[in-house]
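Please keep the sequence and the 3D view at hand while reading.

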Amino acid sequence: MAVLEIRDLHVKVETDEGTTPILNGVNLTVRTGETHAIMGPNGSGKSTLASTIAGHPKYDVTSGTITLDGEDVLAMSVDERARAGLFLAMQYPVEIPGVTVTNFLRTAKTAIDGEAPAIRTWTKEVKAGMKNLRMDDRFAQRNVNEGFSGGEKKRHEILQLELLKPKLAILDETDSGLDVDALKIVSEGVNRAKENTGLGVLLITHYTRILRYIRPDHVHVMVKGQIAEEGGPELAERLENEGYDRFLAPGDPIE
Ligand code: ADP
Ligand code: MG
Ligand code: MG
């Protein structure tokens, strides 16, 4: 059992014009075994929350805390966050020339576990994981993210999730750019990780579509850098029908 606690989090972002406050007191608790959806209009601060948990240097925490089982996440390096059991999908979005998927996965696994995985079981696990995600065997020999399609990037992300076995995963817009078939495959991967390892999920999404496949226990609506409303799965259904209009003042800019 692990618990990620975000308390009264205030975050500013550095821009050319100075610093702008983006998160204005966010409170959230996610435990292993739970699935939380963070929804909200574009520009409300959802990705800023994800990037802050991930330790992105652009985002400046001015007050508040993030802890994992009481340990100060904000004091951890990005690597330490991963070793502590956090999976941050945006952590590996970059192309890594000359590093194949196979080598990347084994290096990541070794870094997280503190020892190299036993070759034979590991190779089996990778193969099985790829098969589950309907990835071609040849994918393993490609360089990470080099020329990956949107769907391949997402499936590679979920492959990491299934192999690295984190306690809690933060998935930002995992549904974006996926057709229905790819969305189903990706969602099944997340659901397998939930079943097999009791993974806790913080699923960030503007749209309700992915929530048909990954059922949230709790739904939070972020508006202007704060959680404006919370509820169960029925809140997502309401947002699907009504959109975010009632959270926005007339004339509010929409990004
Ligand atoms: P969401 O993910 O909900 O669409 P974001 O967290 O991406 O929202 O953005 C929230 C606000 O912060 C937006 O106004 C956005 O322009 C601004 N913002 C976020 N990141 C940066 C950044 N790196 N530089 C400048 N502005 C940023
Ligand atoms: Mg956005
Ligand atoms: Mg975003």
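## The surroundings of ligand 1

By class, two nonpolar, eight polar and two charged residues make up the shell around ligand 1. In this classification Ala, Val, Leu, Ile, Met, Phe, Trp, Tyr, Cys and Pro are nonpolar, Asp, Glu, Lys and Arg are charged, and the others, Gly among them, are polar. The residues surrounding ligand 1 are Val-13, Thr-15, Ile-22, Gly-40, Asn-42, Gly-43, Ser-44, Gly-45, Lys-46, Ser-47, Thr-48 and Lys-58. A residue is near a molecule or strand if its C-beta atom, placed from the backbone, lies within 6 Å of it.

At least two residues of this shell come from each of β1 (3-15) and α1 (46-54). The largest share, three residues, is supplied by α1. Helices (H or I, at least four residues) and strands (E, at least two) are DSSP runs, numbered from the N terminus.

## Basis and confidence of the model

This is a predicted model, in which local features need pLDDT of at least 70 and side-chain atom pairs count only at pLDDT 80 or more, while totals for chains, interfaces and linings use all residues. Residues are numbered from 1 along each chain as its sequence is written, and chains are lettered from A and ligands numbered from 1 in the order in which they are written.

The average pLDDT of the chain is 92, and 96% of the residues score at least 70; pLDDT is the predictor's confidence in each residue, from 0 to 100. For the complex, the predictor gives an ipTM of 0.95 and a pTM of 0.93.

## Overall form

Seven helices and twelve strands are found in the chain. Its radius of gyration is 18 Å, close to the 18 Å that the globule rule gives for 255 residues, so the chain is as compact as a globular protein of that length. The radius is taken over C-alpha atoms, and the rule is 2.2 Å times the number of residues to the power 0.38. The C-alpha trace spans about 60 × 40 × 40 Å along its principal axes.

## The sheet of four strands

Strands of a sheet pair through backbone hydrogen bonds, either parallel or antiparallel. Here, two strands pair if DSSP finds at least two bridges between them. One open sheet has four strands in the order β2-β1-β4-β5, with antiparallel pairing. Its edge strands, β2 (18-31) and β5 (71-72), each pair on one side only.

β1 and β2 form a hairpin with two residues between them, and eleven bridges join these antiparallel strands. Leu-4, for example, has Val-30 in β2 as its bridge partner. Eight bridges join β1 to the antiparallel strand β4 (residues 59-68), where Asp-60 is the bridge partner of Lys-12. Helix α1 packs on this sheet, touching β1, β2 and β4, and its direction makes about 70° with that of β4. Contact requires C-beta atoms, placed from the backbone, within 7 Å. Axes are lines fitted to C-alpha atoms, for helices over the stretch in contact, and angles run from 0 to 180 degrees between N-to-C directions.

## The sheet of six strands

A further open sheet, of six strands, has the order β6-β9-β10-β3-β11-β12 and mixed pairing. β6 (86-88) and β12 (226-231) stand at the edges with a single partner strand each, so one side of each has no neighbour in the sheet. From one strand to the next, the twist averages 20°.

How values were computed. Two residues are in contact if their C-beta atoms, placed from the backbone, lie within 7 Å.
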